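Work through the exercises below with the model open. Each solution goes step by step.

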Amino acid sequence: MQSSLFTDIADLWSKYGPVYLDGMKNTLILAIVATLIGCIIGFLCGILQTIPYTKNDNIVKRILLKIVRIIIRVYVEVFRGTPMILQAVFIYYGVPYFFGYVFKDIWVVSIIVVSINTGAYMAESVRGGIISVDPGQTEGAKAIGMNHFQTMLHVILPQALRNIMPQIGNNYIINVKDTSVMFIIGFSDFFSVHKMVSGAVFKYFPSAFLEMGGYLIMTLVASLLLRFLEKKLKGSDNYELVKEDQLVMTAGTYNNPKKGTPFDEQSKEFPGGRKL
């Protein structure tokens, strides 16, 4: 039976190998593009949710921020609380139904659906990543004259990005697999190739076995690359301690007298008349 299985798989690959590869290519392109756009959406939503305001701020600013946060909250709950396959159906068939606009390119609507869905998950991840940064970082940035935008751009977001990098990787891997639901609107991804081939040659399990291997390869490669990137962002675990002769007092030079310093131990006086 094993020999028959591998024979069927080899036969499928010899006949439909280019078709499977084309489906994998479409899946990877959709997953990468949608994850990048979803990250942008998530960062925007996360930043907007963490803009501080107090009762002393302008009432227009407070009302505007509250409205924005309510909109973001509704968006996050709707797209995290409903299946992506129904979101695809709603957008692809609902937009023409309500607005009369028909999508002419299936790529466009597929990218929109996966990106919006990814953005909803990333919004909460980014918000958590920003909150996880030590408040002292923000206070220090304000102390040297940075405004909120500068603090976010140069201090908070770089640290938050490192904290949420695993979640970005998880979302990408999820997107590689979840693009399979786009077959419902006619997108030609890796999974749709399986449906087409198995329906043509009536070899469902060998084709499914081939699909499992393809998805596993795509996700394992992504996991390895993301771990490598996380390691680079983490930096070195080894730190070289500063040696004694490298220490310099901020108020002036104050080195060890035994190592040739101009300090006079007997008179407690520096050259130039300054006394200790």
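Contact here means heavy atoms within 4.5 Å. The model is predicted: local features need pLDDT of at least 70, side-chain atom pairs count only at pLDDT 80 or more, and totals for chains, interfaces and linings use all residues. Residues are numbered from 1 along each chain as its sequence is written, and side-chain values use heavy atoms, with hydrogens and water left out.

**Exercise 1.** List what Tyr 20 touches, not counting residues up to four places away in sequence.

Solution. Step 1: Tyr 20 touches Leu 12, Trp 13, Phe 190, Val 193, Val 197, Ser 207, Leu 210 and Glu 211. Step 2: Tyr 20 is also among the residues that touch the most other members of the largest nonpolar core, which has 17 residues. Such a core is a set of buried Ala, Val, Leu, Ile, Met, Phe, Trp, Tyr and Cys residues joined through side-chain atoms within 4.5 Å; buried means under 20% relative accessible area, exposed over 50%, partly exposed in between (1.4 Å probe, protein chains only). Step 3: the largest share of this core, seven residues, comes from H1. Helices are DSSP runs (H or I, at least four residues), numbered from the N terminus.

**Exercise 2.** Locate the buried side of H2.

Solution. Step 1: the buried residues are Leu 65, Ile 72, Tyr 75, Val 76 and Phe 79.

Terms used: Helices (H or I, at least four residues) and strands (E, at least two) are DSSP runs, numbered from the N terminus.
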